[in-house]
Amino acid sequence: MPIKSRDFIALFMPFLCVFLPMYFLYTSDKSYYGIPISAIWIFLCIPLTYIFLFIASRKEK
Amino acid sequence: MITTFVIVLFFAFLLSLLARRGHHESDPRAFFAARGQFGAILFFLLSVGETYSIGTILGFPGGIAASHSVDIVLWFTGYILLAFPVCFVVFPKLWEAGQRTGAITLPDLFGAHFNSKKLEKFIGILLVLLMLPMGTMQFMGLDTVLESLNLALSPHTMSFLAALLAFAFVAIAGLRAAALISILKDFLVLAAIVSVTCAVLWNWHHTSAPTHTTPLLLEHGGNHPLQSLTMILSTILVQAIAFCVVPQTAVATFSARDQSSIRRAQTWMPLYLILFPCLLAIAAYGLSHQIHTSKPDQLFLVIAHTLFPDWLCGFIYGAAALTALVWLGSVCLALAAIVTRNVIPNIDTKHQKKVGLAVIAGYIFISEAASHLQNIPISKINNIFYFGLIQIFPSFLYCLMGKKVRYSDIVLSISAGLILSICFMVWNVNLYGLNISVPALLVNIIILNNNFLYSKIKMPFSKA
């Protein structure tokens with residue numbers, strides 16, 4: 001089961017987005033309206049994941 | 001309130017009748033699994049419907065309010081979000097494996113791929129056992145909704161009503177109807193969450209000044225941030241991967257028309273999580289305005305009741321009840337398919353549907369009874385479910401990769417992983433935040449690959 005570039009974009013990029021900055025965000029004291037920045041980042045990952053999946057599905061075509 | 005609540009359920013009932021038209025529901029394959037009938041839209045609705053279970057709508061804000069911590073926001077959102085990329089890659093291959101083996105359930109796939117009826121039964125029984133906590137979770141939510149209606153009925157009558165309601169939906173519906181009712185449910189859930197969020201934001205400054213003076217509404221994981229972070233990341237990883245082994249999602253995948261329908265549906269699914277920030281806003285309002293509830297899981301419903309007139313609350317409560325019913329519907333149908341096809345395989349086609357419905361009734365009864373045993377938060381039950389499910393993943397991957405191993409190795413590896421997870425959980429072993437499934441999964445993988453590892457170890461010695 002070789003990993004295609006489509007699968008790489010779809011699978012690894014969203015994981016990197018969530019996992020890579022999490023240490024810095026989680027240990028940061030910054031917050032907006034009482035909500036820690038780590039929570040805001042995870043919500044920003046929602047449209048980012050969609051974009052990666054969209055690009056991956058285009059690659060299929 | 002009760003009138004609008006009943007109207008919602010009545011519409012759902014009408015939709016389930018509509019779904020029966022033009023399809024041969026007497027055929028158990030069509031009734032339980034709707035094989036090959038779902039294009040991208042129906043597949044999307046059914047799969048997303050399962051993402052938004054009662055655990056999300058009640059458990060997520062309830063968990064935030066109970067823990068006052070951002071941790072649940074991170075792992076809960078993180079694992080569902082990352083489950084979509086995993087499913088984007090895995091599901092088309094699962095569909096392909098289903099076509100190759102003619103499987104409509106996960107145990108079918110295991111049985112056909114490893115050519116073992118014993119393994120098929122083992123996986124079937126295991127999945128039935130693992131699905132019990134999830135049924136319990138739906139009933140805890142359904143009971144919470146019915147309690148909030150303030151009907152003049154005893155808790156036992158209420159539970160009986162919830163169980164009857166769930167059975168009626170499943171018995172009438174079939175998988176096609178579950179997908180159709182998802183349309184109504186999703187529309188109502190979206191409307192309910194968005195309207196409660198708008199009301200919360202409007203009321204935030206227009207009501208009396210917040211009594212909670214701490215500037216940070218949600219705390220990071222206490223004195224050991226590194227342990228908490230390890231817990232969050234390992235939980236996200238384990239649960240996002242285990243998500244693709246959920247039995248009813250696998251049934252929905254086998255029901256898809258083709259691989260591109262699956263990929264198209266998966267592409268859009270992350271956007272559906274746009275409701276999660278809204279649920280966080282609702283929980284934050286509850287924390288800052290110190291909304292009191294008898295159970296944390298009631299927070300969403302109590303806030304809706306504080307901000308809206310009774311008749312509008314009926315719609316919101318109806319939406320919450322439908323999330324539980326749709327989820328129960330697809331779980332029950334997947335379980336019935338597993339029991340009638342894999343666990344007790346020699347039932348003739350005429351009796352398969354009757355036996356399936358008896359299984360569903362039994363599952364509903366046990367789940368409902370278990371929901372009264374202990375007052376565990378909904379979000380905790382969600383974790384227990386995935387502890388078990390992830391142990392099936394390594395051998396599931398073997399099915400997709402077309403690799404063969406002895407069935408005894410699979411049974412041994414899954415059992416070892418499960419026993420180790422249960423021991424860690426029962427003895428409350430501190431793994432410095434690491435999800436207890438991770439070491440259990442490593443043991444599972446080592447046992448599954450014992451022949452390969454043995455040959456690798458043996459090779460240098462034989463050369464010498």
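Tutor: C45(A) has a relative accessibility of 1%, below the 20% cut-off, and therefore counts as buried. The model is a predicted one, and the sulfur closest to that of C45(A) among the cysteines belongs to C17(A), 5.3 Å away. A disulfide would need the two sulfur atoms within 2.5 Å, so C45(A) is in none. In chain B, C313(B) is likewise in no disulfide; its nearest cysteine sulfur, that of C198(B), is 15 Å away. C313(B) is buried as well, with a relative accessible area of 0%. Over all chains the disulfide count comes to zero.

Next, the helices of chain B. Helix α4(B) covers residues 54-67 and helix α5(B) residues 71-101. Two packed helices are described by the angle between their axes and the distance between the axes. For α4(B) and α5(B) the angle is about 155 degrees and the axes are 9 Å apart. An angle over 145 degrees counts as roughly antiparallel, and α4(B) and α5(B) are therefore described in that way. On the α4(B) side the contact is made by G55(B), T56(B), G59(B), F60(B), G63(B), I64(B) and S67(B). They meet I72(B), V73(B), F76(B) and T77(B) of α5(B). Five of the residues in this contact are nonpolar, six are polar and none is charged.

Helix α5(B) also takes part in the surroundings of α6(B), residues 106-113: the buried residues of α6(B) pack against α5, α7 (117-148), α10 (247-255), α14 (310-343) and α17 (393-401) of chain B. Seven of the eight residues of α6(B) are buried, so this helix is largely enclosed by the rest of the structure. The buried ones are L106(B), P107(B), D108(B), L109(B), F110(B), G111(B) and H113(B). After α6(B) comes N115(B), with a positive phi near 55 degrees.

Last, the loop residue. I291(B) sits in the loop that joins α12 (275-288) and α13 (299-307) of chain B. With neighbours within four places in sequence left aside, I291(B) is in contact with Y285(B), G286(B), L299(B), V302(B) and I303(B). The C-alpha atom of I291(B) is separated by 36 Å from that of L389(B), which lies 98 residues apart from I291(B) along the chain.

Technical notes. Residues numbered from 1 in each chain as written. Chains lettered and ligands numbered in written order. Predicted model: local features only at pLDDT ≥ 70, side-chain atom pairs only at ≥ 80, totals over all residues. Heavy atoms only, no water. Axes fitted to C-alpha atoms, helices over the stretch in contact; angles between N-to-C directions. Helix = DSSP H or I, 4+ residues; strand = E, 2+ residues; numbered from the N terminus. Parallel < 35°, antiparallel > 145°, perpendicular 65-115°, else oblique. Contact = heavy atoms within 4.5 Å. Nonpolar A, V, L, I, M, F, W, Y, C, P; charged D, E, K, R; others polar. Buried < 20%, exposed > 50% of the residue type's maximum accessible area, 1.4 Å probe, protein only.
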